[in-house]
Amino acid sequence: MTKEIKNICCIGAGYVGGPTMAVIAEKCPQYVVTVVDINAERISAWNDADLSKLPVYEPGLADIIAKQRGKNLFFSTDVDGAIEKAEMVFMSVNTPTKTYGEGKGMAADLKFIEKSARQIARVSTSDKIVIEKSTLPVRTAQAIKTILNAEKKEGVNFEILSNPEFLAEGTAIEDLRNADRMLIGGDIHTKSGKEAVDALVGVYSNWLPKERLLTTNVWSSELSKLTANAFLAQRVSSINAISALCEKTGANVEEVGRAIGADSRIGPKFLNASVGFGGSCFQKDILNLVYLCNYFGLPEVAEYWHQVIKLNDYQKKRFSHNIISTLFNTVSDKKISLLGWAFKKDTNDTRESAAIYIASDLIENQANVCVYDPKVSKEQILKDLAYLHELDNVKYAHLTEKTINDRVEIVSDPYLACSESHALAIMTEWDEFTTYDWNKIYNSVYKPAFVFDGRNIVDKEELENIGFDVFSVGR
Ligand code: UDX
Ligand code: UDX
């Protein structure tokens, strides 16, 4: 079925589609890569002459866009045109947790995937290799295949591959250029399936060594993505669980992390205790895994993984509770400064960021919250809080538009954010937070001067010498 690959289309110009296609364009000048999206505003931001306006902030991304855009990398709203022209179509639309109906709060919402599949079938007049890039529940490829085959034009053939993305935000470009592995799931037992897998292997072989290109069957590939995220999130919840015990016993979670990480069977990565993990993937993918396990009648397995999320919720609650109890059991009308809003450093992504939940808890306790983040816009911060209310107006009844307007202030100067504050809480591990003039900050805040370091990044001893009371996680 496969011809030579000349044109690649990617549906979805988000945090995954944008950087992934930028790196394919960079590494493969022989292909024309077109990234399409239904969101015209997003596409025009990708096309903005001012590279600081790109919709996704990732170190190194703007440089690639500057080099490739208009050459072999295009951003467009003409979804039909790009699909028709391409031999290979990546689906990289978002798959959020369902907010309605069956599977609400647990299952992945596949409506965008289904819509994209129908569009591909409707538009295509030539064979295509269709690639799942979005993280999807196991067996989604089968659903996509059924839709494509039911709606396709006569004589047109589709091959479906699963090619999950393992990039982490903040290091996406490096992760893509130098991926540990690239997973390609396909039907290698049929001739056309094997050809499709080979074609995608051909794309990645332009820059990745052959031994890093792993081919599996489709279901293994789909499940591997969920499993990888579940294992990573589990490590964070495991160390966070130990951080609670450290705080009670006088052990230091960093020392424990270093000690266990030195065991080569455990390894040193993903052992940083924190205010709780965030991001678009961990929670969503685990909930998805839990849903799948329950669906297939495996409640014990479901509960095992669900505990990773519950522990993460506990860690966030523990953090806000510590602020409130330390501030003499009330934060009412006190100014609490949140340093950082993104779910980790070096990204402007805020999805599921712990900061949102900490802010919500503080606002519920009538605090005035002042936020500073070097990369996240004011609009996004307000949107994140309003979204919680939209999601669950019982649990987040306190997040009305009026309360948000009255209680939340967003500033673009960190010193202003901290000034006249009753407590500072570090939510994101932005490097710049360690370089601040903490003496100057100390002189501008109410005393006792409290710092709650949700990322263990500031020098506790140095700040204590200045006069701060510093609370870290697990120490
Ligand atoms: C990705 C993956 O696709 C998701 O499954 C994974 O778990 C997280 O990362 P991401 O790129 O981060 O999603 O999502 P987002 O930044 O929201 O981008 C998705 C884009 O798809 C949006 O720009 C949206 O406008 C676009 N879209 C959505 C379409 O173009 N068409 C649609 O029908 C739906
Ligand atoms: C994750 C996976 O790492 C990636 O492979 C997958 O493709 C998408 O999901 P991402 O969510 O972008 O990537 O970032 P990641 O670095 O995994 O961090 C996730 C969350 O865990 C962040 O909030 C981070 O701050 C937190 N974390 C991570 C910790 O709290 N402690 C750690 O030791 C590591």
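Because the model is predicted, local features need pLDDT of at least 70 and side-chain atom pairs count only at pLDDT 80 or more, while totals for chains, interfaces and linings use all residues. Residues are numbered from 1 along each chain as its sequence is written, chains are lettered from A and ligands numbered from 1 in the order in which they are written, and side-chain values use heavy atoms, with hydrogens and water left out.

A disulfide is a covalent bond between the sulfur atoms of two cysteines; here the term is applied to a pair of cysteine sulfur atoms within 2.5 Å. Searching the whole structure turns up zero disulfides. For Cys9, the closest cysteine sulfur belongs to Cys10 and is 6.9 Å away, which is too far for a bond. Cys28 is in no disulfide either, as its nearest cysteine sulfur, again that of Cys10, is 14 Å away. Cys9 has a relative accessible area of 0% and is buried (buried means under 20% relative accessible area, exposed over 50%, and partly exposed in between, with a 1.4 Å probe and protein chains only). Cys28 likewise counts as buried, at 0% relative accessibility.

Next come the aromatic rings. The structure holds 17 aromatic pairs. Rings of Phe, Tyr and Trp (its six-membered ring) pair if their centres lie within 6.5 Å, and planes under 30 degrees apart count as stacked, over 60 as edge-to-face and the rest as tilted. Trp46 and Phe75 form a stacked pair, 4.8 Å centre to centre with 0 degrees between the planes. This pair links distant parts of the chain, with Trp46 in helix 2 (residues 40-46) and Phe75 in strand 3 (residues 73-76), 29 residues apart. Helices (H or I, at least four residues) and strands (E, at least two) are DSSP runs, numbered from the N terminus. Both Trp46 and Phe75 are buried.

A tilted pair is formed by Tyr415 and Tyr436, at 5.5 Å centre to centre and 50 degrees between the planes. Tyr415 belongs to helix 16 (residues 414-418), whereas Tyr436 is in the loop between strand 12 (423-426) and helix 17 (438-444). Tyr415 is partly exposed at 23% relative accessibility, while Tyr436 is buried at 10%. Elsewhere, Arg139 lies over the face of Trp219, at 4.1 Å from the ring centre.

Finally, the ligands. Around ligand 1 there are 21 residues, of which Asp37, Arg42, Thr95, Lys284 and Arg351 come nearest (a residue is near a molecule if one of its heavy atoms lies within 4 Å of it). A polar side-chain atom of Asp37 lies 2.5 Å from an oxygen atom of ligand 1, and an N or O atom in the side chain of Arg351 is 2.7 Å from a ligand 1 oxygen. The protein covers 93% of the 690 Å² of accessible area that ligand 1 has on its own (areas come from the Shrake-Rupley method with a 1.4 Å probe; for residues, only the protein chains shown count as cover).

Conventions:
A charge sits over a ring if NZ of Lys or CZ of Arg is within 6 Å of the ring centre and within 35 degrees of the ring normal. A polar contact is a pair of N or O atoms within 3.5 Å; within protein, one must be able to donate a hydrogen and the other to accept it, and residues adjacent in sequence count only if both atoms are side-chain atoms.
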